[in-house]
Amino acid sequence: MNPIRWGIMAPGRIAHKFAQDLRQVPNARLTAVASRDLSRAQPFAQEYGAPYAYGTYEELVTCPELDAVYIASPHIGHHEHTLLCLKAGIPVLCEKPFGMNRPQVKEMVRVAREKNVFLMEALWSRFLPTTLKTLELIQSGAIGEVLGVKADFGFQGTYDPLGRLFNAQLGGGALLDIGIYPLFWSYAVLGVPESLKASAVFSATGVDAATGMVLTYPGQRFAFLDCTFLARTPCEAYVYGTEGIIKVHPRWHESQALTLERYGEEPQTFSFERSTWGYSYEIEAVGEYLRAGKTESTLWTLDDSLHLMQLLDDVRREIGLRYESFD
């Protein structure tokens, strides 16, 4: 079986983790790396054994030995860089958030479908064994009827008005960077809400430093979600049911364990040890999809990405968060 030959666009911190996990995935290898600065691409390529290094993203899509590209550029570049690859006929795994707004994502999906080229949002938490087990337990009725969910994600980010976290020109803010995870959790368990309320604390740069969200669903079901750069929070996720609770251990979006607590019974913990950061699961999945000739994921579809981006847009509208270049 020939390996899936990967290219990486934008060799930053997340790209290093991805490349490290790629090393541990059978039948996958890093072939090419591209940066807007060749002096950044070359050492990255050398470190991970990629034979090609490029100083522009346009050069990357001309690489003769590519099966897929992982896009790890800042949020603001996802739309442009994804379209660059898709129009060259190259399958794409693009980091979250998929775009800066739903219209961008809608165009990305349209082009992928028109070109019949594989496209997936790199929402790696969807592919983790903890997520798969949680959804399996829910579907089996282990906690009875689902009543609601709760999830948080917070850390103390260093305030730098020019840095990625707080710079509006780079798509900064807690919501798009880490708030997407709690929103994903509510969507994965409960689907699209019937109402959404949100409030935020803003930084001096005009982006949200903390956002809290309350979502409601038919049947009086609920989701309590929050994200922040201002404090280190537990980073736990829960699913509440009529017969029990599922708790995904910290940090839940990358967790290796969950506990099922059925009322009146001893808790049962499920552990999923791994030697990777956790990106290996989505890498393996993309390889399987490409070999099967699929153009999108069955676990995290393009419609799922559109729904999640709509939720992000709805929260931004609710809290008054705007990005001048994209709104």
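This is a predicted model: local features need pLDDT of at least 70, side-chain atom pairs count only at pLDDT 80 or more; totals for chains, interfaces and linings use all residues.
Visitor: Let's start with two helices. Which residues of α5 meet which residues of α9?

Guide: On the α5 side they are R102, P103, V105, K106, V109 and R113. Their partners in α9 are L302, D303, L306, M309, Q310 and D313. Contact here means heavy atoms within 4.5 Å. A helix is a DSSP run of H or I with at least four residues, a strand is a run of E with at least two, and both are numbered from the N terminus.

Visitor: Are α5 and α9 roughly parallel or roughly antiparallel?

Guide: Roughly antiparallel. Their axes cross at roughly 170° and come within 9 Å. Axes are lines fitted to C-alpha atoms over the stretch in contact, with angles from 0 to 180 degrees between N-to-C directions. Under 35 degrees is roughly parallel and over 145 is roughly antiparallel.

Visitor: And α4 with α5? At what angle do the axes cross?

Guide: At roughly 5°. The axes of α4 (residues 78-87) and α5 (residues 102-115) come within 10 Å. That angle is why α4 counts as roughly parallel to α5. From α4, the contact uses H78, H79, T82, L83, L86 and K87. From α5, Q104, E107, M108, V111, A112 and K115 take part. By class, that contact has five nonpolar, four polar and three charged residues.

Visitor: New topic: pockets. Which residues lie nearest the centre of the largest pocket?

Guide: R13, I14, K96, R164 and D177, out of 28 lining residues. A pocket is an open set of points on a 1 Å grid over the protein atoms alone, where a 1.4 Å probe fits, with protein on both sides within 12 Å along at least five of seven lines; lining residues have an atom within 4 Å of a point.

Visitor: What makes up that lining, by class?

Guide: There are 14 nonpolar residues, five polar and nine charged. Helix α1 gives the largest share, four residues. Both α1 (13-22) and α7 (174-190) supply at least two residues each.

Visitor: Which domains does the lining of the largest pocket draw on?

Guide: Domain 1 (4-123) and domain 2 (129-277), with at least three residues from each. The bounds come from an automatic or database domain assignment.

Visitor: How many residues of domain 1 are in contact with domain 2?

Guide: Twelve, and they meet twelve residues of domain 2. The domain centres, taken over C-alpha atoms, are separated by 27 Å.

Visitor: What lines the second largest pocket?

Guide: The lining is N101, P103, D313, R316, R317, G320, L321, R322 and D327. Helix α9 (residues 302-319) gives the largest share, three residues. Two lining residues are nonpolar, two are polar and five are charged.

Visitor: Last topic: the backbone. Is the peptide bond from K96 to P97 cis or trans?

Guide: Cis, with omega near -15°. P97 sits in the loop between β5 (92-95) and α5. Another cis peptide bond joins P250 and R251, with omega about -25°. R251 is in the loop between β12 (244-248) and β13 (257-262).

Visitor: And what about phi of N27?

Guide: Phi there is near 60°, a positive value in a residue other than glycine. N27 belongs to the loop between α1 and β2 (28-34). Most residues other than glycine have a negative phi, and most peptide bonds are trans.

Notes: Residues are numbered from 1 along each chain as its sequence is written. Side-chain values use heavy atoms; hydrogens and water are left out. Ala, Val, Leu, Ile, Met, Phe, Trp, Tyr, Cys and Pro count as nonpolar, Asp, Glu, Lys and Arg as charged, and the others, Gly among them, as polar. Angles under 35 degrees count as roughly parallel, over 145 as roughly antiparallel, 65 to 115 as roughly perpendicular and the rest as oblique.
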